[in-house]
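Subject: Structure handover

Hello,

Here is the structure I promised to pass on. My notes follow below it.

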Amino acid sequence: MKALLPLVAVLLLITPLAPASCADPGVDVLVDFGNGSYRWSEGSGGTFAEVLGSAVDGDVADRVRSGGQGVCEWRLYVWEDGWKYMGTDLSAPCSGAVAFGFYPEGFAPASTPEHRTSWTMLGGSSSASNVSASHGQRDPAMPVEWYNTYTTGYVDSGLVVAGDMLYHTTGGTYGGVGEDADAWVYALDRFTGGVVWKHHERKGAGYEVTTPLIVGDYLLVTFTCGDVVCFDRFTGEVKDVMEVGTDPPVDADGDVLWDGRVFYTGGTTPVYDSGTIYFGTSSGTVMALSLSPEGRFDVVWEHVPPSDTGSDGYSGTRGCFY
């Protein structure tokens, strides 16, 4: 029997953007809310404050003017072959495309003037409520611009995109041997399908269904083996690895305390909001991590729900939705 190979096809619409001056009408202005949501508009003026006031509605402008919250502040950037950080003073002069981003120090938006459309996490934002600007499968041009097939299993993850890069995982070939049976991460040129880099991860449950997360210049992936890995998303260099629990609580006989089927699958799909990464684990906990500008993890908190048992059986909330 011939094996079925996974297929990834991407239909693209490329619109070149001309550079603009901050002092001219029609300046490219990005407001990035630091949670996957963002908006592009046009503005004019010679300072960040003037550009902000001309480009967005009053509610959004007031949010930017409000300053910081926790580790995040509204940070100012100008485009110079990359987002150049310009501090937090709205009265400062600016030139070129402008961005206002709600990020910790050392981070910048993933969306760029050349490639405005980004999709940095499952559902597009921390609320999973974004709507992609892609036309999807409506009136697709044939033949497709590119497609890839893999010997390393199906593409069960979602796709995330920023700039000219697209990222996904494969979960290993069922019944396979060697590296083809293990987990992989692929970084592709979104316009050609060419592999820019790939990462071989140790085998976990035999499938990988979580979606990667883009935070600035980094890509974060949770694997069923229990590893949470931070990559330089441009080169594939591993910046940090954290191992999280995969085993649920058990009784004295080694039986899982809660009822129902148990999947030993490590971390869930991560989301990012206001400087913090959130995900659950198959051991029934919830974790919040921070990420340093160097790509290193730090645990902000871990919530371990109660796993109480009584005469009527399991009464805890660990392992439940909450």
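Let me start with Thr309. Setting aside neighbours within four places in sequence, Thr309 is in contact with Leu257, Tyr314 and Ser315. Thr309 sits in strand β20, residues 309-310. Ala99 is 210 residues away from Thr309 along the chain, and the two C-alpha atoms are separated by 52 Å. Please keep in mind that this is a predicted model.

Next, the nonpolar core. The largest one has 24 residues. Leu220, Ile277, Leu291 and Phe297 have the most contacts inside it. Two or more residues each come from β6, β12 (213-215), β13 (218-222), β14 (227-232), β17 (276-280) and β18. Strand β18 gives the largest share of this core, three residues.

β18 also belongs to an open sheet. Four strands make up that sheet, in the order β16-β17-β18-β19, with antiparallel pairing. β16 (271-273) and β19 (297-303) are the edge strands, and each pairs on one side only. On average, neighbouring strands of this sheet are turned by 30 degrees against each other, direction ignored. Between β18 (residues 286-291) and β19 there are six bridges, and the two strands run antiparallel. Met287 has Glu302 in β19 as its bridge partner.

Now β10. This strand covers residues 183-189, and six of its seven residues are buried. What does β10 pair with? On one hand, six bridges join it to β9 (residues 165-170), antiparallel. Met165 is bridged to Asp189 of β10. On the other hand, six bridges join β10 to β11 (residues 195-201), again antiparallel. Here Ala183 has Glu201 in β11 as its bridge partner. The hairpin of β10 and β11 has five residues between the strands. Gly193 in that hairpin takes a positive phi near 85 degrees.

Thr210 comes next. It lies in the loop between β11 and β12. Is Thr210 buried or exposed? Its relative accessibility is 11%, so Thr210 counts as buried; the cut-off for buried is under 20%. A polar atom of the Thr210 side chain lies 2.8 Å from the backbone oxygen of Thr222. Leaving aside neighbours within four places in sequence, Thr210 is in contact with Ser157, Thr169, Thr222, Gly267, Thr268 and Thr269.

Last, helix α2, residues 58-65. Val60, Ala61 and Val64 are buried there. Why do these residues lie on the same side of α2? They cover an arc of only 100 degrees around the axis, which puts them on the same side. The cover over the buried residues of α2 includes β2 (27-32), β3 (38-43), α1 (48-55), β4 (73-79) and β6 (98-103).

Both ends of α2 deserve a look. Asp57 caps the N-terminal end, with a side-chain oxygen 3.2 Å from the backbone nitrogen of Asp59. Just after the helix, Gly67 takes a positive phi of about 90 degrees.

Over to you.

Best wishes

Terms used: Residues are numbered from 1 along each chain as its sequence is written. This is a predicted model: local features need pLDDT of at least 70, side-chain atom pairs count only at pLDDT 80 or more; totals for chains, interfaces and linings use all residues. Side-chain values use heavy atoms; hydrogens and water are left out. Buried means under 20% relative accessible area, exposed over 50%, partly exposed in between (1.4 Å probe, protein chains only). Two strands pair if DSSP finds at least two bridges between them. The arc is that of the directions from the helix axis to the C-beta atoms. Contact means heavy atoms within 4.5 Å. A polar contact is a pair of N or O atoms within 3.5 Å; within protein, one must be able to donate a hydrogen and the other to accept it, and residues adjacent in sequence count only if both atoms are side-chain atoms. Axes are lines fitted to C-alpha atoms, for helices over the stretch in contact, and angles run from 0 to 180 degrees between N-to-C directions. A nonpolar core is a set of buried Ala, Val, Leu, Ile, Met, Phe, Trp, Tyr and Cys residues joined through side-chain atoms within 4.5 Å.
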